[in-house]
Amino acid sequence: MNAKWLEKNKERFPKHIGFIMDGNGRWAKLRGKLRTYGHKIGVDSLVDISKYARKLGIKYVTFYAFSTENWKRPKDEIDEIFRLAKKCIDDNKDDFNKNNIRLNFVGDIDKLPNDLKIAIKNCIKDTKNNDGFVITIAINYGARAEIISAINKIIKAGIKSVDEKTFEKYLQTAGIPDPDFVIRTSGEYRLSNFLLYQSAYSELYFPKKYWPDFREKALDKAIKVYLKRNRRYGNV
Ligand code: IPE
Ligand code: IPE
Ligand code: MG
């Protein structure tokens, strides 16, 4: 992105972008490789996009890494996704504190393999005071499960009635602003249980590119699309 253009427009950039990282399997298949190879290169995209978004001054990014529905996949593929997630945390954790980055997670992490669960818990603890840039990973995440769990917590707390503000405190995303922009790669036009409550007024964008090919230039293009949108929030 051209520095002058960036300076002129960055005030209007989305503050929070959600990424539904889709198309790893098809990307790999096109190249005659295993689906898991697509996930491996998909992690490179996640790291690239995080670094670039931070450079552009975007404050929050959320990546959908594993849905509550993804347990339907073959065990080998699931194991490899979790192995790659653990490796990605290990490879990047020094960078988080060095650069004031908070690594946050949403989803039911208790069901994850033990080594990954420990890495996640440590990472949350070690980076919780960083506030320069917030990366949220949605892993074993489903928006319906998140909403139901919030309702159960509210019942347990003996609260009889809530408003939106109170309800949002019980969501796992409490403290993180709603995504302004949700990008799903691979040309599928659905949200697949991603941040359903929080994306009520998000701008949606569905580029054709498969996630492993979604890099800096693709994010530039996406932001340009976003800047052309007219967010009315029900107004005229
Ligand atoms: C997205 O890529 C990654 C995860 C869901 C973990 P896919 O694995 O869904 O790739 P396609 O959609 O089969 O190509
Ligand atoms: C959505 O992708 C979930 C993630 C990106 C983690 P899927 O590929 O699992 O979604 P569906 O099955 O096509 O809806
Ligand atoms: Mg998919």
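Visitor: Which residues are around ligand 2?

Guide: In this predicted model, the residues around ligand 2 are Ile20, Met21, Asp22, Tyr64, Ala65, Phe66, Ser67, Asn70, Arg73, Arg184, Arg190 and Ser192.

Visitor: Which strand gives the most to the shell around ligand 2?

Guide: A shell can be read by the elements that supply its residues. Here strand β2, residues 60-67, gives the most, with four residues.

Visitor: Which side chains place a polar atom by an oxygen atom of ligand 2, and at what distance?

Guide: A polar contact is a pair of N or O atoms within 3.5 Å. For ligand 2, a side-chain N or O atom of Ser192 is 2.6 Å from an oxygen atom of the ligand. A polar side-chain atom of Arg190 lies 2.8 Å from a ligand oxygen, and one of Arg184 lies 3.2 Å from a ligand oxygen. Of the 390 Å² of accessible area that ligand 2 has on its own, the protein covers 78%.

Visitor: Is Arg184 buried or exposed?

Guide: Buried means under 20% relative accessible area. Arg184 has a relative accessible area of 5%, and is therefore buried. This residue is found in strand β5, residues 181-184.

Visitor: What does the side chain of Arg184 reach within the protein?

Guide: The side chain of Arg184 reaches the backbone oxygen of Arg190 at 2.8 Å. A polar contact of 2.7 Å also joins the side chains of Arg184 and Ser192. Arg190 and Ser192 are both among the residues around ligand 2.

Visitor: Which residues is Arg184 in contact with, leaving aside its neighbours within four places in sequence?

Guide: With those neighbours left aside, Arg184 is in contact with Ile20, Asp22, Arg190, Leu191, Ser192, Tyr205, Phe206 and Pro207.

Visitor: How many residues surround ligand 1, and which are the closest?

Guide: Ligand 1 is surrounded by 13 residues, the closest being Met21, Asp22, Arg26, Arg35 and Arg73. Helices α2 (24-30), α3 (35-55) and α4 (75-98) each supply at least two residues of this shell. The largest share, three residues, comes from α2.

Visitor: Which backbone atoms lie by an oxygen atom of ligand 1?

Guide: A polar backbone atom of Arg26 is 2.7 Å from an oxygen atom of ligand 1. For Gly25, a backbone N or O atom lies 2.9 Å from a ligand oxygen, and for Asn24 the distance is 3.2 Å. The protein covers 87% of the 380 Å² of accessible area that ligand 1 has on its own.

Visitor: Where do ligand 1 and ligand 2 sit?

Guide: Ligand 1 sits in the largest pocket, and ligand 2 also sits in the largest pocket.

Conventions. Residues numbered from 1 in each chain as written. Chains lettered and ligands numbered in written order. Predicted model: local features only at pLDDT ≥ 70, side-chain atom pairs only at ≥ 80, totals over all residues. Heavy atoms only, no water. Buried < 20%, exposed > 50% of the residue type's maximum accessible area, 1.4 Å probe, protein only. Polar contact = N/O pair within 3.5 Å; in protein donor to acceptor, adjacent residues only side chain to side chain. Contact = heavy atoms within 4.5 Å. Near = heavy atom within 4 Å. Areas by Shrake-Rupley, 256 points an atom, 1.4 Å probe, with all protein chains shown as cover. 1 Å grid on protein atoms, 1.4 Å probe; cavity = no way out; pocket = protein on both sides within 12 Å on 5 of 7 lines; lining within 4 Å. Sits in = over half its atoms within 2 Å of the grid points.
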